[in-house]
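The tour moves from one selection to the next.

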Amino acid sequence: MIDPQAATTSDDTTSLVALAARGDVGAFEKLYAKSAGRVYAVCIRMTGDPVSAREYTHDAFVRAWERLSTFRGEAAFETWMHRLAVNVVLTARRGDRRREARLVPTADDETTETDPAFSRAPVDVESRIDLEKAIASLPPRAREVFVLHDVEGYKHDEIADRLELQASSVRAQLHRARQLIMRMLNR
């Protein structure tokens, strides 16, 4: 059975998108109010930094405003915004890494760890806060891979394409991230 409220919300979002695509700022503000929390959540998970997450959230909505006419409605608006936010963060981080590589040579910090395999975190609030802190403290590349795979559900190959890595590097970074998180949570 279809939930009438969900259908109304979907119809409302569709009409808001259509209005905003024609330049209705008020409609876009309503879309922002509906989606900003989820966009910020993915940005903070990927960056671990509230200031950067707010900037990337803002950038994602600026891009959405500029590209709203390209939204085809094949996916939900929230899904489109989520994908746009992920792309904003990855593009910015890629630029940061390129600038850093030109300024300071970096050493390869890949290490092999032997901690137990990663398991699902408990759902109580305190454990969830600890998990969020652990994710935020991961090195940037490991955090990106962990969030994209374990939180957002991307496949290894998709992450490799987005981050311009080999799939084996994605798996290694994911393994590293899980081990570091387990170590931090077991302290």
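Two residues are in contact when they have heavy atoms within 4.5 Å of each other. This is a predicted model, in which local features need pLDDT of at least 70 and side-chain atom pairs count only at pLDDT 80 or more, while totals for chains, interfaces and linings use all residues. Residues are numbered from 1 along each chain as its sequence is written, and side-chain values use heavy atoms, with hydrogens and water left out.

**Stop 1: the whole chain.** Show the protein chain as a cartoon. It has eight helices and zero strands; here helices (H or I, at least four residues) and strands (E, at least two) are DSSP runs, numbered from the N terminus. Of the 187 residues, 36% are buried; buried means under 20% relative accessible area, exposed over 50%, and partly exposed in between, with a 1.4 Å probe and protein chains only. Of the contacts between residues at least 6 apart in sequence, 66% join residues at least 24 apart.

**Stop 2: the core.** Select C43, M46, F77, W80, M81 and L148. These residues have the most contacts inside the largest nonpolar core, which has 47 residues. A nonpolar core is a set of buried Ala, Val, Leu, Ile, Met, Phe, Trp, Tyr and Cys residues joined through side-chain atoms within 4.5 Å. Which helix gives the most to this core? Helix 4 does, with 10 residues.

Leaving aside neighbours within four places in sequence, M81 touches V39, A60, F61 and A64.

**Stop 3: helix 2 and helix 3.** Select both helices. Their axes come within 8 Å and cross at roughly 140°; axes are lines fitted to C-alpha atoms, for helices over the stretch in contact, and angles run from 0 to 180 degrees between N-to-C directions. Helix 2 and helix 3 are therefore oblique to each other. Angles under 35 degrees count as roughly parallel, over 145 as roughly antiparallel, 65 to 115 as roughly perpendicular, and the rest as oblique. Residues making the contact include V39 and C43 of helix 2 and A60, F61 and A64 of helix 3.

**Stop 4: helix 6 and two partners.** R45, M46 and T47 of helix 2 meet R143, E144, V147, L148 and V151 of helix 6.

Helix 6 and helix 7 pack at about 140°, their axes 10 Å apart. The contact is made by R141, E144, V145, L148 and H149 of helix 6 and H156, I159 and L163 of helix 7. Helix 6 passes helix 7 in a right-handed crossing.

**Stop 5: two single residues.** Select E164, in the loop between helix 7 and helix 8. Is E164 buried or exposed? At 52% relative accessibility, E164 counts as exposed. Its phi is near 55°, a positive value in a residue other than glycine. Most residues other than glycine have a negative phi.

Last, select K133 in helix 5. K133 counts as exposed, at 57% relative accessibility.

Key. A crossing is left-handed if the near helix is turned anticlockwise from the far one by less than a right angle, and right-handed if clockwise.
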